[in-house]
Amino acid sequence: MLIPFRLELLISTLVLLVPMYLYFRSRSRSKNPAALPINWPIIHMFPSLLVNVHNLLDYFTLVLAGNGHNFRAHGPPGTGMRFFVTCDPANIRHIFTTNYTNFPKGAEFAAIFDIMGDNLFNVDGARALRPRVKIHTVLSSPRLVASMEACCRDKELMSRFMFDLATTALFSVDPGLLSTDMPPMDIPVAMDTVMEVGFFRHMMPASCWKVMRWLNIGPERKLGAAHTVLRVFIAKMIERRNIDKVHVSNDEEQEGVDILSSYINDPDFADYDFLCAGLIGLMLALRDTVRTTLTWIFYNLAQNPDIVATIRNELLPIALQKAPTGAGAMVIFEPEEIKSLVYLRATLYETLRLYPPAPLERKTVATKDIMPSGHKVHAGDTVFVSIYSMGRMRDVWGENCLDYNPHRWLSKDGNTLRYVPSHKFLSFNSGPRICPGKDIAVMQMKIIIATVLWNFDVEVLEGQSIRPKSSCILQMENGLIVKLKKRQA
Ligand code: HEM
């Protein structure tokens, strides 16, 4: 019987790993935190990665800062754990642009995010070309952009709000998570699980998580359940959309308003599973990134009243032109009105610099190569690009790199934004895989920040523990509790 054998293997692995974990944890506390991971015989650097996994981004940042922006790490032989970790802008340009074809995401990435199938997020090279052209065309449709911007004229509760917003843009269906009876959050929770277990998979030897998946235990069990929730939800949305389509048959107005309409009749997406997987990828791209950024923005703004005052000053001339419609009415800003506001955009970029929603990029080395930093990488190595760390490097952003300071984005006279190349500001990626939703996301976030700040005072409740979750998305571990107080006109 195979199962008892594998179970035994797993138990003995755990029995070995848990004491090791405790031992190395106690040792690592007394060590210089910026030092390279300790290279032990046989197990190599795996223990250092294991003990720091709950704080991995800050750990990478310390080690990268202390070691010229690059380091290598490797696990036990046979695990395939050969990592090159970097936040060096010259290496990043090489990986994302100059020698882009040599750094695909790779098969392991696609296995980690198997819920997204063979879709754009998981494929490279020629297979990514048509889906990429497709999504760029879809996201540049003026009607879709207008509908997504219009969706922003709404209220609070970031997670529910962003889920409703993403679902409306994708399927023209408002799931109503913001309704007053506060329906259950099964689908957003399932999406969070995909990102959390994805992070766990990145840090484990692939054979380990694959065995756990086969046994359906631990995080893999949770992930399996989350996959089911997401697939059922997408199937419902497609069904609902098809029913609605029959009801509005031949009504051309309906076509093209949501993203699903652009995919449903496309022969490239005729395969149902392929379509579902693509839509799940888009849901994650749309909802998680914007929601996460907004939470960090409001957290930072609450500590920086001077920045809030400057944004309100920038909004003042526009707000004065808009007469509120009654006592307590909100002032709502339109995309065109706030498009040119540079300080608002600088605040957004400053948040994305320190809190990039996708903090780590994973690439695979196709053939051996020499990085601009002089480091050699070999076929099959994994490259981790720490976007989070790059925003926190003195040599890249200056002595005050840890300060939250939108002015760093402005020209001397404060009237224009400074140009910063994408290999230095990587939050929206760089090169051929640059985020096609960037302009929509920036506009959505600007409208939300402007509308909230103009109409409310935002207070972060004291005593909260604010730290990122171990996830592929830089969510706050415990969320953020804020108090909104209506401002007096
Ligand atoms: C704060 C907002 C956002 C940030 C920081 C962001 C960032 C990123 C990053 C880092 C990637 C590369 C991911 C990877 O290669 O694994 C990416 C890809 C992508 N993003 Fe965004 N994104 C944002 C919002 C959006 C929105 C609102 C949409 C859709 C409307 C979108 C659609 C996509 C798509 C389709 C890709 C895949 C592109 C490709 O692989 O060629 N993103 N985004």
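## Surroundings of the ligand

Among the 22 residues around the ligand, those that come nearest are Lys105, Arg132, Asn429, Arg433 and Cys435. The model is a predicted one. By class, the shell around the ligand holds 13 nonpolar, 5 polar and 4 charged residues. Three helices, α6 (126–139), α13 (272–303) and α19, each supply at least two residues of this shell. The largest share comes from α13, which gives 5 residues.

Cys435 is the single protein donor to the iron atom of the ligand, with SG 2.3 Å away. UniProt, in an unreviewed entry, places the feature "binding site" at Cys435. Cys435 sits in the loop between α18 (394–397) and α19 (438–455). Leaving aside neighbours within four places in sequence, Cys435 is in contact with Phe428 and Asn429. The relative accessible area of Cys435 is 31%, so this residue is partly exposed.

| Residue | Distance to a ligand oxygen atom |
|---|---|
| Lys105 | 2.6 Å |
| Asn429 | 3.3 Å |
| Arg433 | 3.1 Å |

His69 is found in another part of the chain description, the loop between α3 (56–66) and β1 (70–74). His69 has 9% relative accessibility; the cut-off for buried is under 20%, so His69 counts as buried. Apart from neighbours within four places in sequence, the contacts of His69 are Leu64, Val85, Thr86, Cys87, Asp88, Met393, Asp395 and Val396.

Note on methods
Residues are numbered from 1 along each chain as its sequence is written. This is a predicted model: local features need pLDDT of at least 70, side-chain atom pairs count only at pLDDT 80 or more; totals for chains, interfaces and linings use all residues. Side-chain values use heavy atoms; hydrogens and water are left out. UniProt positions are given in the numbering used here, feature names are shortened, and annotations may be inferred rather than shown by experiment. Helices (H or I, at least four residues) and strands (E, at least two) are DSSP runs, numbered from the N terminus. Buried means under 20% relative accessible area, exposed over 50%, partly exposed in between (1.4 Å probe, protein chains only). Contact means heavy atoms within 4.5 Å. Donors are N, O and S atoms within 2.8 Å of the metal (3.2 Å for Na, K and Ca); water is not among the atoms, so sites may look incomplete. A residue is near a molecule or strand if one of its heavy atoms lies within 4 Å of it. A polar contact is a pair of N or O atoms within 3.5 Å; within protein, one must be able to donate a hydrogen and the other to accept it, and residues adjacent in sequence count only if both atoms are side-chain atoms. Ala, Val, Leu, Ile, Met, Phe, Trp, Tyr, Cys and Pro count as nonpolar, Asp, Glu, Lys and Arg as charged, and the others, Gly among them, as polar.
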